[in-house]
Amino acid sequence: MSTITIIAVIVLVLLMLISFYNRLVKLRNNRENAFADIDVQLKQRHDLIPQLVDTVKGYMNHEEKVLTNITAARALNASTINEKITAENQLSTALSGLNIAVEAYPDLKASSNFTQLQEEISDVENKLSAVRRFFNSATKEYNNAVETFPSNIIAGMFSFKKESMFDVGAVERAVLD
């Protein structure tokens with residue numbers, strides 16, 4: 001084998017390694033960008049929740065535990081994507097408890113302010129569902145690249161790891177079933 005052939009093979013291998021690495025970086029960035037879209041919707045939801053809690057407080061004085069759970073779940077200081085997913089699942093669980101408790105208060109359900117807030121939250125939840133699907137799709141594509149050969153070799157060398165999907169949580173799944 002000539003020196004030129006050996007150099008050509010080495011350059012080709014290096015180009016393949018660079019290509020796999022760059023693909024993993026792009027997929028990771030795509031996943032993070034998809035979560036940024038989720039963050040926008042979560043911010044809107046978090047902005048509506050205090051208004052909802054204030055509206056409900058006047059009607060549900062003895063349902064303090066439900067309101068406390070919503071406030072506590074909302075108050076979590078999550079910094080990573082996985083922490084935010086956990087916090088949002090807790091908030092969704094707490095909001096489910098509120099929806100169940102509201103059924104016992106016909107005056108509250110008739111309140112125009114409450115109805116408007118429910119519609120706004122429902123709209124945000126629908127948007128959140130859409131961006132969550134996009135995030136999970138981006139995560140799946142990233143995870144496939146991290147786990148399949150030969151890019152898994154590069155992923156292991158540079159500490160790319162499998163990431164979590166944004167699961168709806170056990171409570172919401174039970175409601176959907």
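Which helix does asparagine 143 lie in?

Asparagine 143 lies in helix α5, which covers residues 112–147. Because its relative accessibility is 5%, and buried means under 20%, asparagine 143 counts as buried. If we leave aside the neighbours within four places in sequence, asparagine 143 is in contact with Lys161, Lys162 and Glu163.

Let me step back to the chain as a whole. The protein chain has seven helices and zero strands, and of its 177 residues, 33% are buried. Among the contacts between residues at least 6 apart in sequence, 77% join residues that are at least 24 apart. As for the surface, the chain exposes about 10,600 Å², of which carbon and sulfur atoms supply 58%.

On confidence, the mean pLDDT of the chain is 84, with 84% of the residues reaching 70 or more. Confidence is highest in helix α6, residues 151–157, with a mean of 95, and lowest in helix α7, residues 170–176, where the mean is 47. Where pLDDT is low, the predicted coordinates should not be read in detail.

Now to helix α1, which runs over residues 3–57 and includes valine 9. Valine 9 has a relative accessible area of 44%, so this residue is partly exposed. Valine 9 also belongs to a nonpolar surface patch of about 840 Å², whose other members include Ile6, Ile10, Val13 and Leu17. Further along, alanine 36 is also placed in helix α1, and, since its relative accessibility is 36%, alanine 36 counts as partly exposed. The C-alpha atom of alanine 36 is separated by 9.2 Å from that of phenylalanine 135, although these two residues are 99 residues apart along the chain.

Note on methods
Residues are numbered from 1 along each chain as its sequence is written. This is a predicted model: local features need pLDDT of at least 70, side-chain atom pairs count only at pLDDT 80 or more; totals for chains, interfaces and linings use all residues. Side-chain values use heavy atoms; hydrogens and water are left out. Patches are made of residues with over 30% relative accessible area and no salt bridge: like charges are joined within 9 Å, nonpolar side chains (Val, Leu, Ile, Met, Phe, Trp, Tyr) within 5 Å. Accessible areas come from the Shrake-Rupley method with a 1.4 Å probe; for residues, only the protein chains shown count as cover. A salt bridge is a side-chain nitrogen of Lys or Arg within 4 Å of a carboxyl oxygen of Asp or Glu. Helices (H or I, at least four residues) and strands (E, at least two) are DSSP runs, numbered from the N terminus. Buried means under 20% relative accessible area, exposed over 50%, partly exposed in between (1.4 Å probe, protein chains only). pLDDT is the predictor's confidence in each residue, from 0 to 100. Contact means heavy atoms within 4.5 Å.
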